[in-house]
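Dear colleague,

I am passing on the structure below, together with some notes on what turned up in it. Please read the notes with the coordinates open beside them.

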Amino acid sequence: MTNKNNMMCDLETGICGVAGEEEMEIIDFNQPKKTIELYYVTDPICSHCWALEPVLRRFKVQYGHYFNVHVVMGGLLEKWGDGPVDPTNGIFGPADVAGHWREVGEYSRMPIDGSLMINNPVQSSYPPSRVFKVIQKNHNEELAYEFLRRAREALFAFNKNISDKAVLTDIITKLGLDGGAIVNEADTQISQQLLEEDFSLMRKLGVRGFPSIVMINEENKGVKIVGSRPLESYIDALKQVLNTEELQPTQLPALSQLFDQEKFLFSKEIEVMYDIEQSSINTFIEKELLQNSYDIKELLGESYITKI
């Protein structure tokens, strides 16, 4: 005899009938405990860090519920001196950076102009790094990370000197913060001390190059990934430190949601986030975004979307 009190309509099949045998099922809506500490050691003028942006964003979006992110400033360039800065890459002075940056931009498809390193070179990566530390201390990690993103856009894509106080002030002000006050605070010994603490942590983590990502578990064992790597490398590393064969990725946000948050995305970033071929990118954008909400522009042969 059918139990009239045990009926249901199946959402997938559309069929209404007798429910399954279990009357009650315990479910858990809690996110897994974040047991991994992830240290991202980086620098505002690191071109390979700019190249990593698409992969790192997707990794954080889909797997961020497993780890706590700590962004660590690495101090790539204190100042230009008489000796070589990076002889391995043929970099002996600021003018040598332009060609190297262009190569990184072309290879990664995160475009880099780089000509300012010939005409108006960044003299030090310390000023924007100290600004990052001030925003991190006075506000929060998310705003500091947004500043880092906007500073890299300004430098690599739009050729602005982010060691210049006026440029930094403008970037910070557009975040809704007091740009002048933060730039002034970043120019103090206390802010330099915050930066030195990051350098000390970097040394403890055994990091000597950027970008580097170090993941450490509760047993204080970890994995270090150096350089800009494919998404699978970071997923495999996370599995290793969690000692698991399987991870549960979070569902990807709609492009409209991501765009509201980012306000500026290169084609490569959308392709990596949604596994879209470059040839299909315009069709995908037209389908996902409201017609009058965005502009598609081009920079160094790469398309990007911005808010109207």
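This is a predicted model: local features need pLDDT of at least 70, side-chain atom pairs count only at pLDDT 80 or more; totals for chains, interfaces and linings use all residues.

Residues are numbered from 1 along each chain as its sequence is written, and side-chain values use heavy atoms, with hydrogens and water left out.

Four strands form an open sheet with mixed pairing, in the order S4-S3-S5-S6; strands (E, at least two residues) and helices (H or I, at least four) are DSSP runs numbered from the N terminus, and two strands pair if DSSP finds at least two bridges between them. Strand S4 (67-73) and strand S6 (222-226) stand at the edges with a single partner strand each, so one side of each has no neighbour in the sheet. Neighbouring strands of this sheet are turned by 15 degrees against each other on average, direction ignored. Strand S3 (residues 36-42) pairs with S4 in the parallel sense over seven bridges, and threonine 42 stands opposite methionine 73 in S4.

The largest pocket has a volume of about 760 Å³. On a 1 Å grid over the protein atoms alone, a pocket is an open set of points with protein on both sides within 12 Å along at least five of seven lines, a cavity is a set where a 1.4 Å probe fits but cannot get out, and lining residues have an atom within 4 Å of a point; grid points are joined across faces, edges and corners, and a volume is the space filled by probe spheres set on the points. Of the 24 residues lining the largest pocket, Lys60, Glu142, Tyr145, Gln261 and Glu262 are the closest to its centre. H5 contributes the largest share of this lining, seven residues.

The second largest pocket holds about 480 Å³ of space, and of its 21 lining residues the closest to the centre are Ala51, Tyr107, Ser108, Ser228 and Lys268. H1 gives the most to this lining, with five residues.

A search of the whole structure finds one cavity of 30 Å³ or more. Strand S7 (264-266), helix H11 (267-274), helix H12 (281-288) and strand S9 (302-307) each supply at least two residues of its lining, which includes Phe266, Ile285 and Tyr304.

With best wishes

Key. Axes are lines fitted to C-alpha atoms, for helices over the stretch in contact, and angles run from 0 to 180 degrees between N-to-C directions.
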